[in-house]
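Open the model in your viewer and keep the selection tool at hand. The stops below say what to select and what is there.

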Amino acid sequence: MGVVNFIIENILTQASVTIALIAMLGLILQKKSTGQVISGSLKTMLGFMVLSAGSTIIVGSLTYFGQIFTEGFHMQGIIPSIEAINGQAMNELGLGRDIALTFLAIFVFNIIIARFTRWKYIFLTGQAILWMATMTTVFGYFAGLRGIVLILVGGFIGGVFAVAMPAIAQPFVRKITGMDDIALGHFCTIGYVFEAGVAKLVGEKGEKKKSVEDLKLPAQLEFLQDTYLSLMVVMIPLYIITAAFAGKEFASTLSGDTNYLMFAFIQSIQFVVGVYVLLAGVRLLLGEIVPAFRGIAMRLVPNAKPALDCPVLFPYSPNAVIVGFITTTIGSVIAMFVLPVFGLAMILPGMLTAFFAGGTAGIFGNLTGGRRGAIIGGIVHGFFITLLPALLVTTFNSMGFVNATATDVDTVSAALLYAWLIGPLLKAF
Amino acid sequence: MFGFGKKKAKEPKKQITEEVVITAKRKEELLRTISFKKEEANQAVGEEQAKIYEEIGLAFNELGEEDHAIDSLEKSIQAKKSLGNGYKTLLRLYNKKRAEAAKENDEESLQIYLKKMDQMMQVSKEVTRGVR
């Protein structure tokens, strides 16, 4: 009995160990060799610890940013970063084990739905599933769910999203790619369909419809070449300007002996370092589990359509990606200033979301509404994908998250489903 | 509502396109292009070589020789990444191979093609962002 208690109280309470044990079980079930089982389990554990370390760096930087922003602008300035949310949920909130199990449950429900219904979509973007698992776990926990129910409900909702989002996008994807064999697996789909709808309403119609692909645009977005470089381009001015507004007197209380602007500069880089470390952890964490599950899913549903990450569409409409990126950024900046007027937090623009979600949305907008549809639809899309995460800020704050909100709108919609429907229903009964 | 009805209508159409038989004349023309371009490819470098390999790959694809098509299209992307018809054809062929591997329960090939499809997503990201 003493041994069992020791295991329960000292080993299973460590999320990194539990996650490594889950990976070990998966590897044993796949009949991997002893060496592969050991190395796979250790890598998974290492991944979780690296992820946690990244999260600690991010939280340090965000705490500082939150203080100077509140002092400088007398309101809350929120950085949209699903990585920061995932890191804090797994690490600081202690939901790591539940998120890992929900992640597996989403895969399982995805396979079940694809196997037994006519919606044969298998979601292949592992990282996106991790973000979805994070949001369903965090908001399920907030709604009062615990233990196996938290995991199963999260797995089911995530699994439904993993099938429904590619299914909703497929009529558009078919038109964009001219084939039906490949689907889109990116949890920003509600935003894409929203832009397609807006573009259809306001865009050019019939013979007047002109594609952005006929325009001459600069072919490449060179300033976005590197993920971390593009993060720095936004974060450095954001931190320095905010520190300047907070003023020397206040900012110096946080910077110690270092000049307050220099300190802000270093902290902005620290944020990027945190994201870099966290994503390295995510890659290690998923490196063992995801290929195994994808293999199982594809064999169990042999006629499945693989739902791939958003770059799958870029080759079909490269100009629309650029137009989508620019217009979504404009929409996000408008929303940044407009939302606080309505009492919501100020959501600062995120360059990477604007590029991937905005770029893909641009393709949808161009498809349904031509040039005018892509431009107006893109701006409205930028506003929309900033508004939804702003609605989550109060909940995130009350749960103890530091100065961040989620990004991908499908994961945000899943969270709102919990906050607006499941939570109140649970409270009512 | 989501247009699933269209799926059924599409499937027979897809099979028709797959079963298209090219004329003897066209076949001869393609084979001639391939042998001619292969010599050119050996002498060319960089972007030019990528273009020639892309043409060879597309010709093989039209002939229905998928493995040769994949080989040439991969060489094209290795020489210079681009997102033209070669890229789209290569992704489609990878996906076809992946589906075949899944049906045959061939885990090893399945993982190879899933990984290759991941790499194609990376290529798309890099080219769109202007990484050279």
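This is a predicted model: local features need pLDDT of at least 70, side-chain atom pairs count only at pLDDT 80 or more; totals for chains, interfaces and linings use all residues.

Residues are numbered from 1 along each chain as its sequence is written, chains are lettered from A and ligands numbered from 1 in the order in which they are written, and side-chain values use heavy atoms, with hydrogens and water left out.

**Stop 1: aromatic rings**

Over all chains, the whole structure holds 20 aromatic pairs. Rings of Phe, Tyr and Trp (its six-membered ring) pair if their centres lie within 6.5 Å; planes under 30 degrees apart are stacked, over 60 edge-to-face, and the rest tilted. Select F123(A) and F187(A): the ring centres are 4.3 Å apart and the planes at 15°, so this pair is stacked. F123(A) is in strand 2 (residues 121-123) of chain A, and F187(A) is in the loop between strand 3 (183-184) and helix 8 of chain A, so the pair ties together parts 64 residues apart in sequence. Helices (H or I, at least four residues) and strands (E, at least two) are DSSP runs, numbered from the N terminus. Buried means under 20%, exposed over 50%, and partly exposed in between (1.4 Å probe, protein chains only).

**Stop 2: salt bridges**

A salt bridge is a side-chain nitrogen of Lys or Arg within 4 Å of a carboxyl oxygen of Asp or Glu. Select R294(A) and D118(B), whose closest N and O atoms are 2.6 Å apart in a salt bridge. R294(A) belongs to helix 11 (residues 260-300) of chain A and D118(B) to helix 6 (residues 107-129) of chain B, so the pair joins two chains. R294(A) is buried at 7%, whereas D118(B) is partly exposed at 33%.

Next, select R299(A) and E107(B), which form a salt bridge of 2.7 Å, N to O. This pair also crosses between chains, from helix 11 of chain A to helix 6 of chain B.

**Stop 3: a positive patch**

Select K175(A), K200(A), K205(A), K208(A), K209(A) and R372(A), which form a positive surface patch. Patch residues have over 30% relative accessible area and no salt bridge, and like charges are joined within 9 Å. Finish on K208(A), which is exposed at 66%.

Technical notes
Patches are made of residues with over 30% relative accessible area and no salt bridge: like charges are joined within 9 Å, nonpolar side chains (Val, Leu, Ile, Met, Phe, Trp, Tyr) within 5 Å. Accessible areas come from the Shrake-Rupley method with a 1.4 Å probe; for residues, only the protein chains shown count as cover. Lys and Arg count as positive and Asp and Glu as negative; His and the chain ends are not counted. The place of a charge is taken as NZ of Lys, CZ of Arg, CG of Asp or CD of Glu.
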